[in-house]
Amino acid sequence: MSALYRRWAATALLCAGCAQAQETANHLVGDVGLGVSAAPVAVAAQSRSTGLVPYLNFDYGPAFARIDTFGIKLAPVGYGSVELVTRAMEDGYRASAPPQARQSSSLPLGLGTLQVTPVGAFMANLYRDLGKSHGAMLDLMYAAEIEQGRYAFYPQAGLEYRSASYVRYYDGVTRHANNLFVGLLVEAHLGGHWYLVANLRRTWLDDSIRNNPAVRRRSLDSGLVALSYRFD
């Protein structure tokens with residue numbers, strides 16, 4: 001399954017909430033566009049790590065898209081909501097080394113929250129992989145906002161927890177992993193409703209993953225550059 005198809009398939013959950021969204025809002029608020037992403041995996045792989053992808057970052061009633069995360073807001077809590085979430089992940093690959101096994105991309109589904117507070121945004125999402133790993137995933141992130149004229153900067157930092165089942169399927173070792181990451185999302189206002197967006201992230205791999213001889217990286221660099229149109 002192509003990365004583009006997987007990403008569009010993840011919007012099925014988003015579309016499932018549109019009927020409810022129509023009752024609470026009659027328009028989309030946020031960004032829709034097209035970009036190029038790069039998402040390498042830890043082991044040596046034949047798969048392409050770059051591809052053309054839609055850029056979706058909007059709210060439509062209780063339904064939302066946040067670049068690679070899609071979901072429905074279930075109930076308000078604190079500065080945000082409890083949410084039913086899924087994520088379009090490009091963690092599948094075909095290994096370069098014999099027997100060149102193919103690992104399917106995960107299909108995460110779970111619950112989470114995004115709390116947009118006066119001191120920044122806090123995100124916590126807990127997933128179960130409905131795909132072949134049957135593992136658990138926990139994503140924690142903090143993001144700040146800095147505006148400078150026509151530019152907006154969103155520095156990010158967080159933790160990706162991956163259970164032993166997930167790590168065993170994708171990385172060939174039998175221990176859970178805690179991967180730390182930092183990122184930066186930059187928006188440049190080009191004029192009118194048009195924006196240029198760049199989202200960059202560096203993830204440091206846990207020692208448990210680097211214990212696999214097939215893993216020759218200490219970190220992974222991923223990113224997305226997109227042109228988007230903003231709906232008000």
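In this predicted model, Tyr-170 has a relative accessible area of 3% and is therefore buried, since the cut-off for that class is under 20%. The residue is found in helix α4, which spans residues 164-171. Leaving aside residues up to four places away in sequence, Tyr-170 touches Val-43, Asp-91, Gly-92, Tyr-93, Gln-103, Ser-104, Ser-105, Ser-106, Asp-129 and Ser-133.

A polar atom of the Tyr-170 side chain lies 2.6 Å from the backbone oxygen of Ser-104.

Ser-106 lies in the loop between β7 (102-103) and β8 (108-117). Is this serine buried or exposed? With a relative accessibility of 4%, Ser-106 counts as buried. The side chain of Ser-106 is joined to that of Asp-91 by a polar contact of 2.7 Å. Not counting residues up to four places away in sequence, Ser-106 touches Met-89, Asp-91, Asp-129, Met-137, Tyr-166 and Tyr-170.

**Aromatic pairs**

A pair of aromatic rings is described by the distance of the centres and the angle of the planes. The count for this model comes to 6 aromatic pairs. In one of them, the rings of Phe-122 and Tyr-142 have centres 4.9 Å apart and planes at 50 degrees, so the pair is tilted. Phe-122 belongs to strand β9 (residues 120-129) and Tyr-142 to strand β10 (residues 136-143), so this pair ties together parts that are 20 residues apart in sequence. Phe-122 counts as partly exposed at 39% relative accessibility, and Tyr-142 is likewise classed as partly exposed, at 30%.

A further pair is formed by Tyr-166 and Tyr-170, with ring centres 4.6 Å apart and planes at 40 degrees, so this pair is tilted as well. Both tyrosines lie in helix α4, 4 residues apart, which is about one turn of the helix. Tyr-166 is buried, with a relative accessible area of 6%. Ring pairs link Tyr-166, Tyr-169 and Tyr-170 into a cluster.

The two pairs are set out below.

| Ring pair | Distance of centres | Angle of planes |
|---|---|---|
| Phe-122 and Tyr-142 | 4.9 Å | 50 degrees |
| Tyr-166 and Tyr-170 | 4.6 Å | 40 degrees |

**Charges over rings**

The charged end of Arg-66 sits over the ring of Phe-64, at 3.8 Å from the ring centre. Arg-201 lies over the face of Phe-181, with a distance of 3.8 Å from the ring centre.

**The chain as a whole**

The protein chain has 5 helices and 15 strands. Of its 232 residues, 44% count as buried; Tyr-170, Tyr-166 and Ser-106 are among the buried residues. Residues 24 or more positions apart account for 55% of the contacts with a separation of 6 or more. The accessible surface of the chain comes to about 12000 Å², and carbon and sulfur atoms contribute 61% of that area.

Definitions and conventions
Residues are numbered from 1 along each chain as its sequence is written. This is a predicted model: local features need pLDDT of at least 70, side-chain atom pairs count only at pLDDT 80 or more; totals for chains, interfaces and linings use all residues. Side-chain values use heavy atoms; hydrogens and water are left out. Helices (H or I, at least four residues) and strands (E, at least two) are DSSP runs, numbered from the N terminus. Buried means under 20% relative accessible area, exposed over 50%, partly exposed in between (1.4 Å probe, protein chains only). Contact means heavy atoms within 4.5 Å. A polar contact is a pair of N or O atoms within 3.5 Å; within protein, one must be able to donate a hydrogen and the other to accept it, and residues adjacent in sequence count only if both atoms are side-chain atoms. Accessible areas come from the Shrake-Rupley method with a 1.4 Å probe; for residues, only the protein chains shown count as cover. Rings of Phe, Tyr and Trp (its six-membered ring) pair if their centres lie within 6.5 Å; planes under 30 degrees apart count as stacked, over 60 as edge-to-face and the rest as tilted. A charge sits over a ring if NZ of Lys or CZ of Arg is within 6 Å of the ring centre and within 35 degrees of the ring normal.
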